[in-house]
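Open your viewer and get ready to select a few residues at a time. We will go from stop to stop together.

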Amino acid sequence: MMDVQIMTSDICQTMGDVMREIDAAGMVRGFFVLLGVNTITNINFAALLEQHKQTCKKDKGAAMTLVYKEVAWEHPLISNDKSFLLAADGNTQKVLMHEKYKPKSKEATISLPLEIVLQHSEVKLHHNLVDANIALCSPSVPPLFSDNFDFQTRNDFIHGILINEDILASTLYYTLTKENQYAAAITNWKTYQIVCWDILHNWAYPLSIETGSFYKNSYMFMGKHNFRKINSTLSRSCTLKEDVLIGDGTHISDMSLVSRSMIGNNCKIGNNVEIQGSHIMNNVVIKDNSKILNSFIDSSCTVEENCNLEGVIAASNVCIDADSKHKGHIFEELKTENDKTLLKSTSESGTEWENESSGDGEDEFVGFEKEWSDSESFYSDDSSAVSSLPESPVPEDTNIFLQEVIDSLARGYEEKLKCDYLILEINSSRYAYNIQLHEVNFYVIRALLSMPVLVDSKSVLNTVKDIIKFFRPVISNYIKSKSSIMDCLRAVEDSCIKNEWLDGKAGQIIHLLYEFDVVDEDSLIEWHRDLKENESVLAGQSSVIKFFEWLQEASEESEGSD
């Protein structure tokens, strides 16, 4: 069990002050991990800390190893934050140069000191790294802060070490996280939105809504990355399009549309409201016929009828008048002795929301990005100087995952391996490709019905029966709830449509699953109803029709005997 000690101080105003306080109290004597409170990561630090210790054995002056995440160079976490250029020794990963730029900087050239090139046989240049405020530190770091009172931030420390390396007898190194590891820092509202979206899409697994890492109360998954608290209420005519999180006690009324947005607890969303690309905090009321685009509405705000807000920030307890139309404005609450007044300011107010614009007059839009990032994969390794994103799409991880599961199951079936080992292999592949649980349920069944042994089988149904019998423990591990049973049946539907060897055999396959107690009658009836509503080709297949006729007769006979 981890022992967490929380220390407080009334005199510390910067990170440098904290490090000097730690050094004076002698609280840290060994190697340690330094990270900011704004860091979100799923990294296992034990291996990285050991790597830093090995670096220190080779270089006694190694003070810090900086941890970065390599991404596509057009990733929004770079474009919406301070980007930087890192130059390092290609053989040792020793940092030689670290230069930051303002967000959306248009500087087309870099200045690289000649001695860096002349003194090293290989120099690596990185311009596509995300700084998640993570550093692996040696015991010498706190004393270095104590000896240099101009070190107030981590950046001060980095630049001070690089400039005075010989005087301070200290060096810096860097390392990159693995492809399946997530690391990011929330530095402004736009990066806050991006990180929220990444969590919703499970890039930070096992830190996810699904596992309850962030939220202890249960959420209901509704498909297309939509989650809602069980006791939230949705009108039958409202629409959750995609990437939506609905909090506890929130109500969404008739004909309202929510897309790529997060709504907090106890919010009241009126009729015919459109919310896109926005964050709505707790206890917010948005009345009828309003439109909220790419905005941040803080707690206890009220948006009256017929408002149109785009790129707006509203502080807590703000009331926006009916029929208002605002774009790129900030609303703050000013409290006086007698009343409350609203101050409306534009993007010239110099807030952090502006993301420290380069000042060229082109950043007038204050709110979130007008469209959420299309760079779905945080783990893209496209780091070329010329973007090839439109021409070179990221490989679809689900297809790779499906193929790996097919290979594992085929080998297990042939070699008669224990199902426990196969479950471990499937879970390893799941974590490697960040596959959500409902997708795992679907693809495990797809894999079972896509095994090579079925392609060449002269008696497909007998082989399917043997497969279900052999892999029953695997199936039981994943198909055990109502939602997972529906995933299973959808996988059967997909397999029978796509796999030639299953053509016309859907009814017999679901009959086998029913006999092995993989699926239940209620789920089958619900799935059959969905087939008809969606006009699936299986709905009119004779084997399916015959099975459900048999199921109905069996059910009636059972009721009659009771």
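Here is a short tour of this predicted model, from a helix to a sheet to some charged pairs.

**First stop: helix α1.** Select residues 15-25, and colour Gly16, Met19, Arg20 and Ile22, the buried residues of α1. Look down the helix axis: these residues fall within an arc of 160°, so they line one face of α1. Now find Ala24 and Ala25, exposed on the other side. To see what covers the buried residues, show β1 (32-35) and α5 (141-147), which are among the covering parts.

Six strands make an open, parallel sheet, running in the order β12-β15-β18-β21-β24-β27. Zoom in on β18 (268-269) and β21 (285-286), which are joined by two bridges. Which residue of β21 stands opposite Lys268? Select Val285 and you have it.

**Then: the salt bridges.** The structure has 11 of them. Start with Glu165 and Lys94, whose closest N and O atoms are 2.7 Å apart. Glu165 sits in helix α7 and Lys94 in the loop between β4 and β5, so the pair ties together parts 71 residues apart in sequence.

Move on to Arg446 and Asp494, a salt bridge at 2.9 Å, N to O. Arg446 belongs to α11 and Asp494 to α15, so this pair links parts 48 residues apart in sequence. Both residues are buried.

**Last stop: within α15.** Asp487 and Arg490 meet in a salt bridge at 3.1 Å. Asp487 is buried, while Arg490 is partly exposed.

Key:
Residues numbered from 1 in each chain as written. Predicted model: local features only at pLDDT ≥ 70, side-chain atom pairs only at ≥ 80, totals over all residues. Heavy atoms only, no water. Buried < 20%, exposed > 50% of the residue type's maximum accessible area, 1.4 Å probe, protein only. Helix = DSSP H or I, 4+ residues; strand = E, 2+ residues; numbered from the N terminus. Arc of directions from axis to C-beta. Contact = heavy atoms within 4.5 Å. Pairing = 2+ DSSP bridges. Salt bridge = Lys/Arg side-chain N within 4 Å of Asp/Glu carboxyl O.
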